[in-house]
Amino acid sequence: MSNLRVPTMAELMASGETAEILFWVGCSGSFDDRAKKITKAIVKILNHCDVKFGVLGTEESCTGDPAKRAGNEFTFQMQAMMNIQVLDGYEVKKIVTGCPHCFNTLKNEYPELGGTYEVIHHTQLIQELIDSGKLTVQGGTYKGKKITFHDPCYLGRANDVYEAPRELITKLDAELVEMKRCKTNGLCCGAGGAQMFKEAEKGNKEVNVLRTEDALEVAPEIIATGCPFCNTMMTDGVKHFEKEQEIKVLDVAELIANAADL
Amino acid sequence: MISGIVFGILLVGSFGFFTWNVWKIRQNILLGRELDRTDNPKERWRTMILVAFGQKKMFQRPIPAILHLFIYAAFVITQIELIEIVVDGFSGHHRIFRPALGGFYTFIISFIEILSVLAFVATIAFLARRNLLKIPRFTMREMVGWAKTDANLILFFEFLLVTCIFMMNGADEVLYSRGLSHAENLGDGSFGFAVTQHIGPAFFGGLSDGALHVIERIGWWGHIVMVFVFLNYLPFSKHFHILLAFPNTYYSNLEKKGRFTNLASVTNEVKLMMDPTADPFAAPADGAVAEPQRFGAKDVTDLTWKSLLDAYTCTECGRCSSACPANQTGKLLSPRKIMMETRDRLEVVGDNIRKHGKEYDDGKSLLFDHITEEEIWACTSCNACVQECPVNIDPLSIIMEMRRYLVMEESKMPSELTGMLTNIENNGAPWQFSPTDRLNWKDE
């Protein structure tokens, strides 16, 4: 049992309360054992800062992103419309999510289907909390550590969010080292476009291995990212090179939660 | 007089042929599906000026960017000299603007000469990059046959063009110093052009008057004939980008790159399915009966006109493919090849329609005959190709349209994806987990 406070929107509504922001957990954050830790790190930060948030819990469903990228517009739009009905039922205005794929879909593809919300990525929310003084972080264990940030495609190129995660890393008094391909030139981890759910086509290398090589070149102690899928791919890449003892793959939310000793 | 007539025929003929071919390309592009890209003209002009005119995205890779800038600047500025050549060609004058413009004339031609030297250097560097250094993106599997020849031909044309300019000005300089040039003699003994006042005497100083006249005319006619040839070569070449880069960047996607289109036809269906009061057997409202459109794209006519414009704009530089994660890891997918195949197929479809009418079907299609399913499924939708393109071409939208066709029209996809889609439909997650377990993480 953990002592996380995770109210569902239904519970909040029943007790007559409202949430300032909805935390969209996403499928990976809900079901993947590694990603669940990221989810909990985000909740710890939200709890620590007394953010009035709610989750949809069992009422949440896939945004439809992997269906859309796989070419199945029907499944995507069915998911989208059902989710919009749920979101509108709770009069959701603002959404934070830990997954850049959910982030992109909710932010860019839902409005045309009738669901218009302010959608932010968790790194942007954490930055807001720090900027408003609700959260203070010092380097702690990460002070002076060499950290490189892998840009998730759907956060970076797809939505031009490059600075929020980097600013959080510099808040840790860590040494942020950039890979040769970063920001707009960042190389994909290999999971996007529904690749996460299928075998790669025939080639001479896996994309995540190539990306991990980029990371190894700058010899980091930590590879930070902001996407549960990137996290999986980079973790596998590090294992491929048998470097898991020296290099940790962590989400920016985990870095912040650990540094703030939450 | 006779040369004036020959010149006139060449000029009219080459512009006529060029216009005809451009018209055909326009027709081909308009075979694409509708798409509104007329919003926000201010931002569109800004994008065009920065990306096409200012070549902003080229400078991601500084060395080719600078070399390319030399050729681009020389090309643009040489158009000024071309005005004089055209006026001279018709009127039988020689260097008609020189007496009137004086020192400004010397400045302009000197500027052209200096840029031409830089363009000459760049052309040789580009030929070396393609043929000696064999830069990887110029030697990928799609860069064989015509694609390779086309690239080298353009550089060879540029080489000839610049050579002609220096033959013309160099020989004329020596003739002028001997008082024999057909240009009006201003009694100054030299044109004073930055480059040819030195290389003219150095190369041609020892030649006879007659030989000089011949060289000067070869340079003059060679130059203008090369211009006509080049102009008419454009519509058949990847080099057409020098014109289409401008409209193509104007009509760029101004939305976030992550935003994919929502198929409106699907939206209507889904709304109908979710509306409990909807009568599934109701007759559609008047005017609502549109010709049923294919979901996604099987052939070029299923793509938007912007994708088709993209295809004609592509100059096959390969930056997209060299940035593509699938391509870098040895998969078949090459975004450049997607663009090249689209253009090749569109040329055939356009010709077929002009010859046999709109309904003609040659039994082939872009997908399957030109682009394989394996290529389409290798994409990670990371947008690196879109980001990289110096003229804002979007290969990803073509790939996505083809996935839509495969999945929604033919139910053809890697089997794991079938499972993933079934999971989403049945339990609201791409994996086989029960929706009732969604919040279990809270207590673990």
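1. Over residues 218-236 of chain B, the chain is 84% helix and 0% strand, with its end C-alpha atoms 26 Å apart. Residues 6-23 of chain B are 100% helix and 0% strand, and their end C-alpha atoms lie 26 Å apart. The coordinates discussed in this note belong to a predicted model.

2. The contact between them involves 13 residues of domain 1 of chain B and 17 residues of domain 2 of chain B. On the domain 1 side of that contact, helix 1 (residues 2-29) of chain B gives the most, with five residues. By class, this side of domain 1 of chain B has seven nonpolar, two polar and four charged residues.

3. Turning to chain A, the model contains eleven helices and eight strands. The radius of gyration of chain A is 18 Å, close to the 18 Å given by the globule rule for 262 residues, so chain A is as compact as a globular protein of that length. Along the principal axes, the C-alpha atoms of chain A fill a box of roughly 50 × 45 × 35 Å. Of the 262 residues of chain A, 58% count as buried. Among contacts in chain A with a separation of 6 or more, 79% are between residues 24 or more positions apart.

4. Chain A is also assigned two domains, domain 1 (9-128) and domain 2 (136-259). Their centres, taken over C-alpha atoms, are 22 Å apart. Each domain of chain A supplies 26 residues to the contact between them. On the domain 1 side, helix 2, helix 3, helix 4, helix 6 and helix 7 (122-131) of chain A each supply at least two residues. Helix 3 of chain A gives the most to this side, with eight residues. The class composition of this side of domain 1 of chain A is eleven nonpolar, ten polar and five charged residues.

5. An open sheet of four strands in chain A has the order 2-1-3-4, with parallel pairing. Strand 2 (53-54) and strand 4 (118-121) of chain A are the edge strands, each pairing on one side only. Strand 3 (residues 94-97) and strand 4 of chain A run parallel and are joined by four bridges. Opposite E118(A) of strand 4 of chain A stands K94(A).

6. Helix 11 (residues 252-259) of chain A is mostly covered, seven of its eight residues being buried. The buried residues are V252(A), A253(A), E254(A), L255(A), I256(A), A257(A) and A259(A). They pack against helix 3, helix 7, helix 8 (163-171), strand 7 and strand 8 (248-251) of chain A. Just after helix 11 of chain A, D261(A) takes a positive phi of about 60°.

7. In helix 9 of chain A, the buried residues are V207(A), N208(A), L210(A), R211(A), T212(A) and A215(A). An α-helix has 3.6 residues a turn, so residues three or four places apart point the same way. The cover over the buried residues of helix 9 of chain A includes elements of both chains: strand 5 (146-149), strand 7 (222-225) and helix 10 (228-240) of chain A, together with helix 13 (325-328) of chain B. Helix 9 of chain A is followed by A219(A), which has a positive phi near 45°.

8. The final point concerns the interface between the chains. The contact takes 59 residues from chain A and 55 residues from chain B. On the side of chain A that touches chain B, the elements giving two or more residues are helix 2 (26-31), helix 3 (33-48), helix 4 (65-69), helix 5 (73-89), helix 6 (100-109) and helix 9 (207-217) of chain A. Helix 5 of chain A gives the most, with seven residues. By class, this side of chain A has 23 nonpolar, 21 polar and 15 charged residues.

Definitions and conventions
Residues numbered from 1 in each chain as written. Chains lettered and ligands numbered in written order. Predicted model: local features only at pLDDT ≥ 70, side-chain atom pairs only at ≥ 80, totals over all residues. Contact = placed C-beta atoms within 7 Å. Nonpolar A, V, L, I, M, F, W, Y, C, P; charged D, E, K, R; others polar. Rg over C-alpha atoms; globule rule 2.2 N^0.38 Å. Buried ≥ 20, exposed ≤ 12 C-beta atoms within 10 Å, placed from the backbone. Domains from an automatic or database assignment. Pairing = 2+ DSSP bridges.
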